[in-house]
Structure formats: structure tokens, C-alpha cells
Amino acid sequence: MNNRQQELEKKRLRLAELRRARKERQEALMGAQQPEASSSSTPTSIGSTSARKEIDDFVAQVLGERPATPTTTVDGSSDAGSERGVSTTILMSPPPYSAANASSQLPATVLPAGTRIIPEFTSIDTVVFDIPPKERVVYNKEVQTVEGSFEPQGPSEEEIREQIREEFAKQEQERLDELERERLEKEVVEQQEMPELTDEERKTIVQSVEFGDFVEHSSKVIERAMSERYDFMKDYTLGLEDTTEDTNGNRVRLVCSFYDEKWCKNRSVTDVSWSKKHPELVVSSYNKNPLAVNEPDGIVCVWNIHLDDRPEFVFHSQSDVLTTRFSDFHPNLIIGGTYSGQVLLWDTRAKSLPVLKTHLSVGGHTHPVYAMDMVGTQNAHNLISVSTDGTVCSWQLDMLAQPLETLSLDYQGHQITDEIAVTALGFPDGETNSFWVGTEEGAVYQASRYARAGSQAGINTTYAYRGHYGPITGLHFHPLFGPMDFSDLYLTCSVDWTVKLWRKRTNPKPATPDNAVVYPLYSFESAEDYVYDVKWSPTHPAIFASVEGSGKFDVWNLNVDTEVPVITTIVGAGKALNKLNWSKDGRHAAIGSSDGHVYVYDIGEMATPKNEDWTTLQRTVNEMISTQAHGSILGGVEY
Amino acid sequence: MSELEETIRRLTAKKNVQGVVIVNQLGLMIRSTLDAALAKQYASLMSELVRMARDSVVQLDAQNELTFLRIRTKKHEIMICPEREYLMIVVQTPESA
């Protein structure tokens, strides 16, 4: 710093010298032009101006490289502090003179014009302040916001939604994660907790009664569910498969066949019947299996159309069951007539043994019961059973200990025996008193349960319906339905290979004694073997079906043809067919075969009658009556 | 024992049936005709499903009870007969599939 001071001092001295020199020159000039010398500020001659310019330049050089005038030094340059400091000191006394004088850097004394100044030099201690450069705060003065953004900057509705959605999704995800975690944990726990069952445990379970019941029940349910023939997921928009279903109606189709290896083997079906309450249920009875001595002699099975390879229920009997049926008024009860003469009652709610049975005593039957029927109404009904010794019993279903009535049918005028061996029984529809019985000798008789005016209880010997040459196997009255009453017609079938149509006689006395014998209206003789059963269709007046020993199932339509059946079908393996029964809707026929099978056939559209079928049948029957009138005498003579 | 075998034989003899699994309430397999791993899977998953279905049914109506469950899928039909202690599961391929 001292060096610098010295330097400055030197410069100053030099300056002073220069000034002196100038002064002298000025004085010289003054001397020359006296009046002009009002102030020293205005240079006059050009020559001196150039000289002064030189001096100015020099001064400027000395002062620093900046040629700028000191008045503009407000701008904070990046000069070093010290340098600045110097310049500041110099500027401390700004010259009050004009630019010409400014460079001369005179001390701050006013020099009156024309005064001679003898400079006094004093030494001054200069204090150099080192002022740090002012920090320059630079800012740009311009608009910082975008146009249109002056309205409040809240999130838009869409954004809020989005946000909420995100939050929801997040929560959901968390929840799912949580659940998943729980599940996994649980699984892990379960897997740890539950080892597999040991064989021992399995064995105990399998042998428990409870498990047996479960298997029995659940498999039944599943099998029923499986047998649904209609595929409810069928897509009808897909291409149709070519179904070769014959729709012209004249066809029978096997719906299902019931057979159970365990129960039905080596047995024959002795009877089939449909449930009135549950149209899918069929009951069938069987005779004994000679190869299974430990099994019950007679059994009765209840089958379901939807469950064709096992019976719903199996009921046992100590003797061959010859006939069976559901109770018309109690869907749970099944009645059976046996070879021993017992009438048994089973209940589907109970086990396989009968809940009620009749005693083998004089009060009831002691001979085989081949036929029975139910008469009456819901509130007052009886079971009528008949055995081959001609005993007819009527029973109250809830009290089988004793029959309500017993009636012995005997025909005093018979050549060989007065006993009538009844093999078939039929009540006209709606009738509770008089009934017709088919016998082993081949005749059909009418009988009454009660004594009425003009007729006694028991067999009516006035008329004998003769026409069959062998034991009668089936007898069925025309059911009462539709606009016309044909309930005076009945059909019988026999081992003489024929089916016969009869008309019942109601006159109490025959017009002439010759008329005591009634001949059939018509005889259907297309069978090639014993005809075992015949039944009218419950819905079509002119249709009936018959089954025969050669395994044929014949459907007849009297309005179409009376000579041959409209449809003949060989059922199953062609074994003898024992019994036949129509379902309530007339579409299905259940057929019991001697090989233990029960077949269910669908006759389709045939079962639906047309309006003219009744009148046509009326005509057909009238024709038969008139032909019979001509032929009866001949027939009577022949007989 | 033989009755169980007989039933299973009869069920599996049906032409569409793929397999039978009998499971106890906890989902432990008692008897099956499917291969072990698959049967185990069916056992645990289906018993879980049955439990859920049973709960749902009871929640809808406390007097009600689940009696049968039939699941139709593109490939199979699974029929489940749930009883108090055990479940019987039958897997079959429907006619159309």
C-alpha cells in the first residue's frame, strides 16, 4: 500500500508540475490577450487545443485505462476493490468546472479568474476504504404467468373423479391383497392343520351307517340330475344337427328300461303300475328268484323314469308278489297281493318291510291274490282284492288285520266245481258295487259286492260271458273320459291267443234263456302267443295295447284297423311280457317282462285323440254290434 | 363297503362321467376315482365353494338350506350333493361338449 502511496505521490507531483507549466503558459497567453481572459475554461486557439488534447490523453492514461468521464461511474463495475478505492478518493472532490477543466483535477478551491495561485502542498493521510462491491440483485421485470391463468387454479371435476377413482382402485387393491394374504395364510394353516386322512380313518368313515346313508341318498340325487335328457345349455344359434326323430306319430320309442342286477336277476315282473301323484314313478312286483335262497321271495321296486339303473325303493315280501299298485289316494303307500294270499302295505317313508299286512286266516285270502283294485273316493275308498278260490275281500287301508267284507263267489250250476278261480278283476269306471271277473276256465262273470234290488251279493249267474277258450289273463273296462261314454265296453285277453271286446249286459233278466250266454263283440286274433295283458289308453278312446308271450307289444287303434294292430314292437330280448300299464297322460306304457325288465315306451302323438275319434268309435262299435247280432245265434249254436 | 364300491362303479359307468370324489365336511378326500392330485384339488376347492354357498343360502333365508350344487362350465358339469357330513362330487362332460 505504501508503494502505491508513493507512486500516487509521484504522480501528483508530476501533475502539479504540469499544472504549473500550463499556468505559465496561460499567463503568457493572458499577457497577449487580456480582455479575453474571463475564465480559464474556454480554450481559444486550435493549437493549444491539440496540445491540451494530448495532455488529456495523458491524464486519462495515468488515471486508468478508462476514458470515461467520472460522472458516469455509478455503474458497479467489476473492478478490483482497491482500484476502485483509488478512483473514489480522487472523485471525492468533483471539479466544479467544465469538462476542459475536469481532467486537471484541481484541489477544491475556487479560483477566481486571473488570480495567481501558489499551490500549497500538504500531505494528507489517505484512508483507503475497501468497500466490497455492492451485491448486484438482478431481476427481470416481466410477466411470469401464462395467459388466462388468473382464475382460481383448483383441480377440475374430471381430475377429482380421476383422483377418487385412483383412490378407490388403490383401496380395492389393498383390500384384495389383504384378502389374498389372509386366504394364503389360512391355506397354509389349513394345510398344516389338516393332513390327509389315514387309511384307518377312511375305513371307519366308510363303514359308518351315516356314510352309507349319505352315499345312498346323494348318489340317487346325482343320478337323477344326470339323467336329465334336455340340455339346458343348448345353443340354438349353432348349426342344427340332423335329428332323425320320426315325427309322423306312428312310432313307439323306448324311453327307458328298468333293471337292477342285484334285485331283478332271475325274477319275472308280475305287475307294473304308475303313480297317480308322481307321473315319473313306476312300481313293479317280482316273483321269487330260485337261485337266491337268502333273498326275500317277493320284491316290489319303485322306479323313477329319471333314474333308470337302480330302483328308488325296494320292498320285501315273504312270498311272491303277484300284483301291486300305488294307493290312489296316498302317494306314499304301495299295496301288493302275494301268492300266499296276503295283502301287504309298504310305505316309502319306512324301510323295506311292509308296514301293514293281512293275516293268513279264514277271514282273508288263503289263495294267491292275482288281482285287486281300488274303488271309492278320497274320503271313502276300499281296496278290493280277489283270490283264486273266488274270495273277494274289501279292505280299509289303515286296518289290514281284518277285511271289511268277505264275499265268496261260487257258481252253483257249474259242472265240475262251484268255485270260481278268479284271475282278473275289473270295475267299470265310477262303479263301486258291481264288478266283472275273469276266470281260469275262460268265462267272465259279473258280480256284486252288495245285495241290491233284484240281485244278490256275489256272482250274478244270469249272464255268462263266454268266448275265451283258456284262462283269462287280463280284463279292463273302457275308462270314462271325453264327450262319449264307452264305459260299458271292456276288453279281455287270454292264453287262447286272443283279445276280445265285450259289452256288458245290464238287464236284470235275459229276454230269453238263450241269451244267458253273452258273446264277445269282437275278437282280435292277430296274436301269435298267449296274450298276457290288455289295457285301454286313458286318453284316446279307440286305442288299446296288448302284450303277449312272444315279446310283442301291440298298439291297436279301433278307428284305424280292427284286424291288425297299428304298431307292433318286439320289446327287449323278445321274452314273454307279463303286464302292461299306461301312464296317466297316455303317452307312456310300462311293460313288465318275464326276464325282470320293465320297459317304458312312448307312443308319442298317437296318444292325443282328435274330436272325431269318439264318433268314429261309436260307429265302429255299432257295426260290431250289428254283425254280432247276426252271428250270435251261430256262435251260440256252435258253443 | 361293497355298497359304496357298487355305487361308485355305477356312477362311473355312465358314459359322461369323468370321476367321483367323496369328501368330508373339512374337505378331506375319502374316496375318489380321479387321480390323487386332481382329486385333492377338487376336494379342497369344492368344499370351500360349498361352504360359501351354504353360508350365502342361509344368510338369504335362515330357514333355507343348500341341497344341491350344479356348476356348468364350458368343459364340464360338476354336480355336488352336499349333506351334513359329506359331499359327493361328480364331474361329467355334458352331452353337447
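**Charges and strands**

Tutor: Let's start with a single side chain. A:Glu210 is partly exposed, because its relative accessibility is 48%. Keep in mind that this is a predicted model.

Student: Okay, which helix is A:Glu210 in?
Tutor: A:Glu210 sits in helix 7 of chain A, which covers residues 209-226.

Student: And which residues form the negative surface patch?
Tutor: A:Glu210 is one of them, together with A:Asp213, B:Glu3 and B:Glu85, and these four form a negative surface patch. As you can see from the letters, the patch takes in residues of chain A and chain B.

Student: Let's switch to salt bridges. How many are there in the whole structure?
Tutor: A search over all chains finds 34 salt bridges.

Student: Show me one. What does A:Arg253 meet in a salt bridge?
Tutor: The side chain of A:Arg253 meets that of A:Asp602, at 3.3 Å from N to O. This pair links distant parts of the chain: A:Arg253 belongs to strand 1 (residues 253-258) of chain A and A:Asp602 to strand 29 (residues 598-602) of chain A, 349 residues apart.

Student: Is A:Asp602 buried or exposed?
Tutor: A:Asp602 counts as buried, because its relative accessibility is 8%. A:Arg253 is at 39%, so that one counts as partly exposed.

Student: What about chain B, which residue does B:Arg70 form a salt bridge with?
Tutor: B:Arg70 forms one with B:Glu77, and their closest N and O atoms are 2.7 Å apart. B:Glu77 is buried, as its relative accessible area is 1%, while B:Arg70 is partly exposed at 28%.
Tutor: There is a network to look at too: A:Glu216, A:Lys220, A:Glu223, A:Arg310, B:Arg10 and B:Lys14 are joined into one by salt bridges that share partners.

Student: Nice. One more pair, please: how far apart are the closest N and O atoms of A:Asp328 and A:Arg325?
Tutor: They are 2.9 Å apart, in a salt bridge. A:Asp328 is partly exposed, with a relative accessible area of 21%, and A:Arg325 is buried, with 15%.

Student: New topic: strands. How many residues of strand 5 of chain B are buried?
Tutor: Seven of its seven residues, which are numbers 86-92. B:Tyr86, B:Met88, B:Val90 and B:Gln92 point one way, B:Leu87, B:Ile89 and B:Val91 point the other way, and all are buried.

Student: Why do they point in turn like that?
Tutor: Because side chains in a regular strand alternate between the two faces of the sheet.

Student: Which strands pair with strand 5 of chain B?
Tutor: Strand 1 (residues 17-24) of chain B pairs with it in the antiparallel sense over seven bridges, with B:Gly19 partnered by B:Val91. Strand 4 (residues 77-82) of chain B also pairs with strand 5 antiparallel, over six bridges, and here B:Ile80 stands opposite B:Ile89. A hairpin of three residues joins strand 4 of chain B to strand 5 of chain B.

Student: And strand 4 of chain A, what does that run antiparallel to?
Tutor: Six bridges join strand 4 of chain A to strand 3 (residues 281-286) of chain A, where A:Leu281 stands opposite A:Asn304. Five bridges join strand 4 of chain A to strand 5 (residues 313-317) of chain A, where A:Ile299 stands opposite A:His316.

Key:
Residues numbered from 1 in each chain as written. Chains lettered and ligands numbered in written order. Predicted model: local features only at pLDDT ≥ 70, side-chain atom pairs only at ≥ 80, totals over all residues. Heavy atoms only, no water. Patch = residues over 30% accessible without salt bridge, like charges linked within 9 Å, V, L, I, M, F, W, Y side chains within 5 Å. Areas by Shrake-Rupley, 256 points an atom, 1.4 Å probe, with all protein chains shown as cover. Lys, Arg positive; Asp, Glu negative; His and termini not counted. Charge placed at Lys NZ, Arg CZ, Asp CG, Glu CD. Helix = DSSP H or I, 4+ residues; strand = E, 2+ residues; numbered from the N terminus. Buried < 20%, exposed > 50% of the residue type's maximum accessible area, 1.4 Å probe, protein only. Pairing = 2+ DSSP bridges.
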